[in-house]
Amino acid sequence: MAVKHWALKKSLWVYHVNTGACNNCDIEVLDLLTPRFDIERFGMILVGSPRHADVLAVTGTCTRQAMPRLQELYRQAAKPVVVLAIGSCAGAQGIFTEAYHMGSPVDETIRAVDPNAIIAYVPGCPPKPEAMIAAVVKAWDVIDTL
Amino acid sequence: MSHKTMINIGPFHPLQEEAEFFQLYVDGERVVDVDVRISYNHRGIEKLDESKTFDQVPFVVERVCGICSASHPLAYVQAVEDIAHVQVPERALYLRTIVNELERIHSHLLWVGLAGHFLGYNTVFMWAWKYREPILDALEVATGSRVNYANCKIGGVRRDMTDEQLKEIDRLATESYGPVEMLTKAVIDDPVLHARLKNVGVLSKADARAYGATGPTGRGSGLPIDVRRDDPYAAYDRIDWQVHYEESGDVFAKAKVRLLETLEAVKIIQRAVRAIPGGEIDAKVQNIPPGEAVGHVEAPRGETFHYVRSDGSNYPVRHKVRAPSFNNIPTFKASCIGQEIADVAITLASVDPCYSCTERMCAAVDAESGRRMFDFAQLVKLSQEKTQRLRRQL
C-alpha cells in the first residue's frame, strides 16, 4: 500500500451531492457531523468543493436535471474517489423507478463517465448514520487494494 | 451609476442539504431582485401516485419531504377518509398527534441548528442537533424508524403503542424541554443575535397575507393562522394548547415563533400521552367510493394541502400536493429585496424552505459578463463575518 493511500485513509474528505433526494438521507448525512456520531474523530469532514473530496456522498434518485451535473462533479473530483450511493433511491431508484423525471441510476450515471469507478452502496430508506459509517469503513478496505 | 450584478446560489452547495438554485440581482451591497430556478429535485410524485393503490400512496407521499414525513401522509389519508366518510378511532387520533408533534420538535430544532450555522454560531448548530437526537430516539420508539415513520394508514394508524412506549416518549420529550428552553433564552437574550436578526428580512403583515405565507413564516408576521386550531384534525381540539405568533415579521420573530412552538409541542405530547384513550387504532376501510376531497395539516413549515379524486377504482385519479414552501418561497420577493447581501443567507433560510416539497431553486451572476460572482458558501462567509464584526462592536 502506497503512503498516499495510507494517508488517505486517515483523512477522507466528503462532498455531499443531493441529486433529488427527499432530505431524509441528507439530514442523516448532516447528523454524522453532530455530537452523537461526530465523524470528524475519524478525520472525515464535509467539504465545499468536489475538487477537495475523496468521497462523493450521493443521495437521491438522480433526476434528469441533476444527471449531467452529477457526472460533472465526478469529473471534477480528484481520483481515486469513492462514491457512496446512500439510500435506496441512490442504490436502485427505490420507489421512484417508474417516475417520468428519472435519469439513469446513480451507479450507471457515474459508470458512463468512468467504468472503473469505486461505488459503495448503503441501502436503507434512509440508512441509519451507523450504516453510513460502516460503508466508509468498507471503503477503507477498497483503498487498501489500490 | 447603477451596476446590477447577479449572484448564483446553488444548485449544489455544501451547506444546504438540497439542490436549490437562487439568482440574486444586486446593486452594490443591496439586493434588488431575486429569482428561483427549479426542477433539480422534481420526481413526479403526483403522477407516480396515480399508478399506486390508495393504500400504497402514503408510502410515496411520505417521501415528498423527509422532514415532513408525518404531515404529508396525514394530509393525504385525511382527504381519503373524507371521501370514504370514515370515522377514525379516538386512540388513532391521539397517536397521530404524538407523532406529528415529535416531528415538529425535530424539524424546528434542525432549523435552529442550521440558522445558527449560517450566522457563524456553530455551537448553536451542535447543541440544537444534539438535543434533537433524543427526539429521533422517541420517534424510533414510536414508529420503528428515525425519520420515515410509515405511521398513517387510511382509517387510523399502522402501529399501536404500548404503555411502556408512551412512557418512554413522554420521558424523552419532557427531558428535551429544559435544553430547548435554554436555547430559546440564549437566542432571545443574545445581543449579537438581536443585532443580526432584528429588522432583517422583514415580511410585513400585508405582504405575508398577499403572498399567502403559512406556518411560522406567517405567524412571525402577525398572522395567527394555524390549521391545528382553525380546522382541527387528529386530537388537537381535545387538548389544551395555544398558537404563538409575533408581530414584527423579521427573522428574529420567525426564530422566536419556532422555538416557542417547540416548547408548546412538548406540552402537547405530555398532555396527549396522559389523555390517550384505549381501544381500536384502525377503522377497517373496505373501498373508496367515487368523489373528491382535500386534506390539510399544519406541517412544521406551514399548511400542507392535499387534493385527492377517486373514481371508485383502487387508484386515485388525481392527487395534488401543495407543500408549505410553495407559498413561503415567493415571500423572498418581499423580504430579500433591499437587504444587504450578508443578510440574505439567513433571510432565505428563515422560511425554512423545503425544495424536495416544492422543487424550486435560486442563483447570483454578473449580469453583463455572465460570470458567477458569489456562491452560497461565500454568502455564508459574508454573513458569519458580519456577526464577528458586530460582536467586536458590542
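A residue is called buried when its relative accessible area is under 20%, exposed when over 50%, and partly exposed in between, computed with a 1.4 Å probe on protein chains only. The structure is a predicted model, in which local features need pLDDT of at least 70, side-chain atom pairs count only at pLDDT 80 or more, and totals for chains, interfaces and linings use all residues. Residues are numbered from 1 along each chain as its sequence is written, chains are lettered from A and ligands numbered from 1 in the order in which they are written, and side-chain values use heavy atoms, with hydrogens and water left out.

Most residues other than glycine have a negative phi, and most peptide bonds are trans. Against this background, B:His85 has a positive phi of about 50° although it is not a glycine. B:His85 sits in the chain B loop between α3 (71–84) and α4 (90–118); helices are DSSP runs of H or I with at least four residues, strands are runs of E with at least two, and both are numbered from the N terminus. With 69% relative accessibility, B:His85 counts as exposed.

In chain A, A:Cys62 also is not a glycine and has a positive phi, of about 60°. A:Cys62 belongs to the loop between β3 (55–59) and α3 of chain A. At 0% relative accessibility, A:Cys62 counts as buried.

Chain A also contains cis peptide bonds. One joins A:Lys79 and A:Pro80, with omega about 5°; A:Pro80 lies in the loop between α3 (67–76) and β4 (82–86). Another runs from A:Cys125 to A:Pro126, with omega near -10°, and A:Pro126 is placed in the loop between β5 (118–122) and α6 (129–145).
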